[in-house]
Amino acid sequence: MNEVKHTPYMQQYWRIKAEHPDMLLFYRMGDFYELFHDDAERAARLLDITLTTRGASAGQPIRMAGVPYHAAEQYLARLAKLGESVAICEQIGDPKTSKGPVERRVVRLVTPGTVTDEALLDDRRDAVMLAVVPVSKGLSLSPSPSPKGGGEHIALAWLTLSSGRFAAKTIGHDRLGAELIRLNPSEILLPEDYTHPDLVNLKVAFCRRPDWQFDAERGRHLLLEQFGVADLTAFGIEDMPALQAAAGLLLDYAKHTQQAALPHINGLSLEQDSAYVLLDAAARRTLEISETLRGEAAPTLLSELDRCLTALGGRLLRHWLHHPLRDRAVLRQRLAAIAALMNAPGAAKNARAALKGMADLERIAARIALRSARPRDLSGLRDSLLRLPAVQAALTDAGPALAPLCERLIFPEATLAHLARAMKPEPGVVLREGGVIADGYDAELDELRALQSDCGSFLIDMEARERERTGINNLRVEYNRVSGFYIEVSRAQAEKVPADYHRRQTLKNVERYLTPELKAFEDKYLSASDRALAREKLLYEQLLEVLAAALRPLQQVATAVAEADVLSGHAELAEERRYCAPEFSEEWGIRIEAGRHPVVETRVDAFIPNDLDLNPSRRMLLITGPNMGGKSTYMRQIAHIVLLACCGLYVPATSAVIGPVDQIFTRVGSSDDLAGGRSTFMVEMTETAGILHGATQHSLILMDEIGRGTSTFDGISIAWAVARHMAEKTRAYTLFATHYFELTQLNQEFRALANVHLDAVESVGKNGGLTFLHAVEDGPASQSYGLQVARLAGVPAPVINAARRKLVMLENQQIAPSGQGDLFAQIIPTPEPPASPALDRLSEIDPDELSPKQALEALYELRGLL
């Protein structure tokens with residue numbers, strides 16, 4: 001832009017806009033944030049606000065749109081959810097002393113991954129910012145063992161600015177999809193030219209950064225400076241330059257967007273795959289942990305288990321469900337705490353009563369660190385901290401299992417006393433309007449407030465004196481924010497005013513005046529108001545400094561409150577739904593008695609529980625049975641029970657013993673990947689290949705109807721080979737559901753493979769239906785009831801009849817003397833029997849519903865058709 005041709009205001013705008021070309025610029029003008037030109041058109045479309053033109057600059061009309069500054073947060077929230085980034089430009093100069101445009105500068109950047117304001121955040125979900133750095137960019141990994149999976153490695157670092165949680169890890173190229181689902185980032189930072197199949201069509205805000213920002217030395221320097229250490233050994237990444245580059249980039253980007261230091265980020269954790277029970281991307285989707293297959297928040301495992309009363313408790317439960325642990329000691333501690341709360345009468349109930357209504361301490365701590373905490377944040381913090389003794393008392397009643405948690409529910413008494421003394425019980429919403437600092441906290445502020453509170457009595461006294469002096473009985477002395485102080489006299493009485501009355505304003509029927517005495521009081525009053533607001537602002541900033549010094553204990557309290565909320569809520573849920581505490585064994589095996597699906601059982605009148613027994617002599621179940629018979633539900637409930645156990649939570653069963661588990665894999669359901677150019681069958685085979693390459697004997701594998709996306713013989717052959725490989729080579733905890741009955745013969749070769757089935761009962765008659773029993777029984781199913789299910793779905797009777805005839809023909813071709821079809825038998829073409837209109841019509845007739853006359857007519861009709 002040629003600034004010479006623009007007006008001074010637009011010159012200033014274009015200079016600032018050039019620094020943030022990819023962001024919407026909220027440009028403060030008076031009581032509005034204005035957007036201009038392309039930004040205005042974009043914002044008008046996204047926010048459904050009015051686009052207009054006003055004036056001209058450089059010979060062109062100025063396109064503009066605006067939002068009121070006091071309502072800006074709701075618009076920023078909408079933009080953040082849409083993946084947009086916004087630069088907020090404020091007036092920092094004094095309009096009274098500015099000879100040209102008021103000085104302005106960008107004071108804050110709002111991006112999807114760096115939002116911290118309560119209005120912009122989902123209270124039950126973290127806004128995670130993720131950096132993805134391919135190691136191939138001239139960086140080397142630590143000599144530590146490589147993550148499982150082929151191809152190049154990727155360094156990941158992620159930061160939750162609203163909590164200060166900062167972590168990093170290295171992964172194989174093929175693990176990125178699973179990590180993206182696990183972390184669910186709101187914004188991803190990555191090199192300008194980097195691509196990855198798992199990033200295609202991902203509904204996340206991307207921020208491409210130049211390559212020089214991914215420099216390991218630069219990242220290392222930023223991290224050392226942030227943590228105040230000489231090296232990064234304590235954080236485990238001293239010899240990992242790729243992770244230093246990723247973490248350093250994130251830290252620098254966060255500081256840039258906040259325009260502030262980040263004291264609440266005081267460490268980084270290096271995640272190791274060996275600490276967690278890993279779930280592949282397909283498992284996280286099909287188990288519907290926190291999102292349904294349709295992308296909805298309910299019904300999911302999380303939505304069914306979430307009894308948390310605080311937002312930070314809800315987020316911690318989500319984190320636990322997505323991060324099942326392999327450390328059995330931690331899991332036993334959680335289970336012991338839940339058991340203690342269940343066994344102590346009233347403990348969970350009392351704890352939950354104290355937790356109810358607690359503020360989001362974790363996010364308030366972050367806003368204190370960023371100096372963006374609002375008055376209501378601090379009053380909420382005060383009220384919540386004052387409840388800690390009640391929470392401690394309830395947990396103490398539950399016994400020693402909760403003692404470590406109680407020890408973390410302690411906040412410095414002096415800091416809390418300072419906060420309680422400083423804040424009004426119900427402070428104002430925003431600091432600029434005052435009414436935040438408590439009376440009696442500061443003598444100077446009290447004095448200035450007294451001047452303002454004396455205003456009413458002064459006006460009453462002056463009004464009485466002036467009425468007596470002038471003889472004008474309807475004279476009034478008043479004040480408003482627009483006109484200030486004034487003496488109001490009706491037009492008819494105006495001739496009686498004394499000479500020291502100076503006209504201030506003329507209205508339709510009244511005149512307003514100002515006297516030297518009133519003017520002197522006005523100056524004093526307005527000065528006191530301005531000075532009081534300035535004093536209150538100073539005191540508030542000092543209070544934030546006091547609280548910032550106690551950030552670490554506040555973060556510790558926030559974590560403890562979240563744990564207390566999750567544990568007490570789960571204790572209540574477990575008791576209500578008759579969940580049991582799982583047991584852990586070092587021996588290979590999974591035994592579940594009367595297991596139930598935690599989501600489905602709440603949505604049916606009577607759920608049929610089922611057992612599972614996997615042991616060294618029974619490693620794999622081949623599950624057969626009808627569609628809709630419950631095979632997928634049974635497999636998913638097993639995975640849910642194992643997952644919950646590995647989160648240290650009670651499980652929906654009568655009893656459960658879980659052996660060592662390192663990963664959970666699923667190949668369930670069918671979907672294509674049109675954007676990636678993959679068919680349904682290709683997706684199925686890709687996921688199957690991942691399982692065959694990645695599973696160990698301690699992995700839990702769910703395989704549902706593999707091979708159905710191709711020709712029958714190809715599908716049977718693939719399913720047979722995969723099942724055989726799993727039984728012979730993988731030897732994992734395997735549940736393998738199929739409609740290919742040929743596979744049931746595998747147990748003759750592999751004794752650790754057992755056949756089980758879910759059955760159904762078919763009733764007779766025209767309106768006969770199919771009753772699914774949902775009970776798992778030993779042995780293969782007798783039939784799949786595919787035609788009956790098709791009939792239930794409403795497929796027309798002629799189609800069902802034609803299918804039945806074709807089925808008989810195929811069965812006659814394939815059945816050998818052994819009664820079992822030969823997988824590779826040569827098919828001899830047999831002409832399809834001709835269609836029979838008489839048989840089709842006969843199948844539609846219900847003799848029980850015919851009168852004698854109708855039966856006779858039907859008989860003649862059938863004879864005619866023959």
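Predicted model: local features only at pLDDT ≥ 70, side-chain atom pairs only at ≥ 80, totals over all residues.
Strand β10, which covers residues 187–191, pairs with β11 in the parallel sense over five bridges.

- Glutamate 187 stands opposite alanine 205 in β11.
- The open sheet to which these strands belong is formed by six strands in the order β11-β10-β7-β8-β9-β12, and its pairing is mixed.
- Its edge strands, each pairing on one side only, are β11 (205–209) and β12 (269–270).

**Aromatic pairs**
- The structure holds 14 aromatic pairs, among them the edge-to-face pair of tyrosine 13 and tryptophan 14, whose rings lie 5.1 Å centre to centre with 70° between the planes.
- Tyrosine 13 has a relative accessibility of 1% and therefore counts as buried, and tryptophan 14, at 17% relative accessibility, counts as buried because buried means under 20%.
- The pair of tyrosine 27 and phenylalanine 36 has ring centres 5.8 Å apart and planes at 70°, so this pair is edge-to-face, given that angles over 60 degrees count as such.
- Both tyrosine 27 and phenylalanine 36 are buried.
- Elsewhere in the chain numbering, ring pairs link Phe458, Tyr479, Phe485, Phe521 and Tyr525 into a cluster.

**Charged ends over rings**
- Arginine 28 has its charged end over the ring of tyrosine 69, at 4.2 Å from the ring centre.
- Arginine 334 likewise has its charged end over a ring, in this case that of tryptophan 320, at 3.7 Å from the ring centre.

Methods. Residues numbered from 1 in each chain as written. Heavy atoms only, no water. Phe/Tyr/Trp six-rings, centres within 6.5 Å; stacked < 30°, edge-to-face > 60°. Buried < 20%, exposed > 50% of the residue type's maximum accessible area, 1.4 Å probe, protein only. Lys NZ or Arg CZ within 6 Å of the ring centre and 35° of its normal. Pairing = 2+ DSSP bridges. Helix = DSSP H or I, 4+ residues; strand = E, 2+ residues; numbered from the N terminus.
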